[in-house]
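The sequence and the structure are shown first.

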Amino acid sequence: MQIFDVDNGWVKQRDEKVLVSRDPYSRAREVSGHGVTTVICGAVSQPLEQALHALGVKVIGFVFGSIDEIITAFVEGRLEDERFLMPGCCGQARRLGKQIPDGNFGDRANKGRPIKIAVTSTDGTMEGMVDERFGRCRKLVVYSPQSNAIEVLDNKANTGLAQGAGIQTAQNVVSAGAHGVISGNFGPKAFQVLRAAGIEVYSTANMTVREALSRFAEGKLTKLAGADVQSHW
């Protein structure tokens with residue numbers, strides 16, 4: 001990764017860093033840790049893009065050309081010129097002002113694109129109860145409706161945290177590539193991370209993971225517009 005320090009239209013410094021992290025959120029934190037506020041790239045996976053957005057890093061994708069020409073065009077506000085658009089459908093999509101991949105969960109569901117839904121769980125099974133404390137949930141069940149595939153993530157490391165449990169659990173949801181999350185209650189910091197990553201948040205209580213997913217499919221779950229409990233709940 002080449003890093004440019006840009007100030008008032010001038011490139012003041014240029015540096016190069018080797019990225020070693022592989023999972024999306026660790027890599028996003030590595031990028032953000034170098035003080036990066038904008039990433040310009042040819043392509044980026046959706047989980048990584050969501051993770052970067054959650055950390056306040058803007059992503060400009062589907063860019064094509066030499067690095068020197070690209071950074072000059074960025075500084076001069078010419079990055080939308082045709083010569084810097086990646087050939088093919090991706091460049092055409094950016095030309096039309098569309099986001100790829102589509103981060104809107106509702107649109108993905110309506111268009112039949114692959115989606116993932118994360119549900120907090122007490123035991124990691126479909127028949128177990130939804131864990132109503134998002135940040136300190138024991139497990140995360142990540143369900144893909146199209147393939148009927150289930151992935152279970154252990155969230156035990158966050159259950160005993162004195163603070164930051166909600167943020168860490170939200171980061172786990174982002175790294176899992178989820179587009180929606182179902183739980184009982186969400187604190188403000190966790191909700192902020194999820195919203196920044198484009199993940200829709202749904203609340204439920206007193207039901208199994210299977211029942212929650214069924215209610216979600218029927219459009220009967222409450223979609224939250226903000227946190228519903230205080231920090232450290």
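Which residue follows α9, and is its phi positive or negative? In this predicted model, α9 is followed by Gly219, whose phi is positive, near 70 degrees.

|---|---|---|
| α9 | Gly219 | positive, near 70 degrees |

Helix α9 spans residues 209-217, and its buried residues are Val209, Ala212, Leu213 and Phe216. Viewed down the axis of α9, these buried residues fall within an arc of 95 degrees, so they line one face of the helix.

In α7, the buried residues are Ala165, Thr169, Ala170, Gln171, Val173 and Val174. The axes of α7 and α8 lie 8 Å apart, and the two helices pack at an angle of about 20 degrees, which makes α7 roughly parallel to α8; their crossing is right-handed. In this packing, Gly166, Ile167, Ala170, Val173 and Val174 of α7 meet Lys189, Ala190, Val193 and Leu194 of α8.

The largest nonpolar core has 33 residues, and those with the most contacts inside it are Leu52, Phe134, Val173, Val181 and Leu194. At least two residues of this core come from each of α1 (24-33), α2 (46-54), β6 (139-144), α7 (165-175) and α8 (188-196). A second, separate core has 14 residues, including Val130, Val141, Tyr143 and Val209.

Terms used:
Residues are numbered from 1 along each chain as its sequence is written. This is a predicted model: local features need pLDDT of at least 70, side-chain atom pairs count only at pLDDT 80 or more; totals for chains, interfaces and linings use all residues. Side-chain values use heavy atoms; hydrogens and water are left out. A nonpolar core is a set of buried Ala, Val, Leu, Ile, Met, Phe, Trp, Tyr and Cys residues joined through side-chain atoms within 4.5 Å. Buried means under 20% relative accessible area, exposed over 50%, partly exposed in between (1.4 Å probe, protein chains only). Helices (H or I, at least four residues) and strands (E, at least two) are DSSP runs, numbered from the N terminus. The arc is that of the directions from the helix axis to the C-beta atoms. Axes are lines fitted to C-alpha atoms, for helices over the stretch in contact, and angles run from 0 to 180 degrees between N-to-C directions. Angles under 35 degrees count as roughly parallel, over 145 as roughly antiparallel, 65 to 115 as roughly perpendicular and the rest as oblique. A crossing is left-handed if the near helix is turned anticlockwise from the far one by less than a right angle, and right-handed if clockwise. Contact means heavy atoms within 4.5 Å.
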